[in-house]
Amino acid sequence: MDNLKKKQAGEKAAEYVQDGMVVGLGSGTTVYYSIQKLGELVSEGLQIKAIPSSTETEKLARKAGIPLTSFSEVSELDISIDGADEVDPEFNLIKGGGGALLREKFVDSLTKKFIVVVDESKLVSRLGSFPLPVEVIPFGWEVSVKAIESLGGTPILRKKDGETFVSNNGNYIVDCHFSTIHQPASLHTQLKQLLGVVETGLFTDMTDLLIIGGTDGTKVITVKE
Ligand code: 5RP
C-alpha cells in the first residue's frame, strides 16, 4: 500500500516535466517511480536531460533511457524531483535516509522548481523523530561527533552491513537524534559551522511543490509559485 502511495506521488511529479527541461533526479524509493515514468515519457518522445543525485539514481536513469548531463554543461536546472524522510507543516524537510543528502542539496538548490514527493507517512508536526543525517569528512570524524553532541544531539555513525557507510562523496554519515527540532534553519546553520561537517539533511525553505501520496489519492500543495 505504501508503495502504491509512493508510486502515485512519484509518477504525478513527472507530469510537471516538459520538453527541453534540465531535470534534477533525487534518490530513494519514491523518486524511483518518477524515474520510471520519465523513462517511459522519454521513450515516447519527451526531450529532457537529467542530473542524478547519486550513483544509484544514475544507474536507474541510464537503465530507463533518460539522457544525462552534468554541471560541466549546465549551471541551473528547471525542475528537481526528490523524496524526503520527514516534512513539517512549513514544508521544511529531513533528507538523507539513503545517504545522498549532499548531492541532493546541491541539485535541489540549483533548481527553479523543487518538487518533493512523499507518501503521507512522512508528514510530521515537527521534524526530529527521524534521526537527522549529517555528512562529515572521515578525517577527525570523532571530533565532529563530539561537536554535534555539544549542540544537544546524539550522533551515531552510520553503518551498513557491519561496515562504516561511505557516501558517494567518500564521506561518513552521522545520524543525529535531536528529539524535536524546533528551529531547523538555525540548527542547520549551527551544524554547518562545525569542523568536518560538510552538509546536513535539513532542507529548509526550499520546497516549491509537495506531492503527497495518500489513502484518498494524491494531493498536490503549491508552496511557492
Ligand atoms: C536519500 C533521501 C531520500 O529522498 C529519502 O530518504 C526518502 O526516501 P524514500 O522515498 O525511499 O522514502 O533523502 O538520501
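K224 is partly exposed, with a relative accessible area of 30%. Its salt-bridge partner is D205, and the N to O distance between the two side chains is 3.4 Å. The model is predicted, and a search of the whole structure finds 13 salt bridges.

- D205 is exposed, because its relative accessible area is 60% and the cut-off for exposed is over 50%.
- The side chains of K224 and D205 meet in a salt bridge.
- K224 lies in the segment after strand 15 (217-222), while D205 lies in the loop between strand 13 (202-203) and strand 14 (209-214), so the pair ties together parts that are 19 residues apart in sequence.
- Salt bridges that share partners also occur, and they join D82, K95 and E104 into one network.

**Salt bridges within helices**

- Side chains of opposite charge can pair when their charged atoms come close.
- In helix 1 (residues 2-14), E11 and K7 are 4 residues apart, about one turn of the helix.
- The side chains of E11 and K7 form a salt bridge with an N to O distance of 3.2 Å.
- E11 counts as partly exposed at 25% relative accessibility, and K7 counts as partly exposed at 34%.
- In helix 3 (residues 55-64), R62 and E58 are 4 residues apart, about one turn of the helix.
- The side chains of R62 and E58 form a salt bridge with an N to O distance of 2.9 Å.
- R62 has a relative accessible area of 53% and is exposed, whereas E58 has 28% and is partly exposed.

**Packing of helix 2 and helix 3**

- Helix 2 (residues 31-43) packs with helix 3 at an angle of about 25 degrees, and their axes are 8 Å apart.
- Helix 2 and helix 3 are therefore roughly parallel to each other, since angles under 35 degrees count as roughly parallel.
- The crossing of helix 2 past helix 3 is right-handed.
- Helix 2 makes the contact through Y32, I35, Q36 and G39, and helix 3 makes it through T57, L60, A61 and A64.
- Sorted by class, the residues in the contact of helix 2 with helix 3 are 5 nonpolar and 3 polar, with no charged residues.

Conventions. Residues are numbered from 1 along each chain as its sequence is written. This is a predicted model: local features need pLDDT of at least 70, side-chain atom pairs count only at pLDDT 80 or more; totals for chains, interfaces and linings use all residues. Side-chain values use heavy atoms; hydrogens and water are left out. A salt bridge is a side-chain nitrogen of Lys or Arg within 4 Å of a carboxyl oxygen of Asp or Glu. Helices (H or I, at least four residues) and strands (E, at least two) are DSSP runs, numbered from the N terminus. Buried means under 20% relative accessible area, exposed over 50%, partly exposed in between (1.4 Å probe, protein chains only). Axes are lines fitted to C-alpha atoms, for helices over the stretch in contact, and angles run from 0 to 180 degrees between N-to-C directions. Angles under 35 degrees count as roughly parallel, over 145 as roughly antiparallel, 65 to 115 as roughly perpendicular and the rest as oblique. A crossing is left-handed if the near helix is turned anticlockwise from the far one by less than a right angle, and right-handed if clockwise. Contact means heavy atoms within 4.5 Å. Ala, Val, Leu, Ile, Met, Phe, Trp, Tyr, Cys and Pro count as nonpolar, Asp, Glu, Lys and Arg as charged, and the others, Gly among them, as polar.
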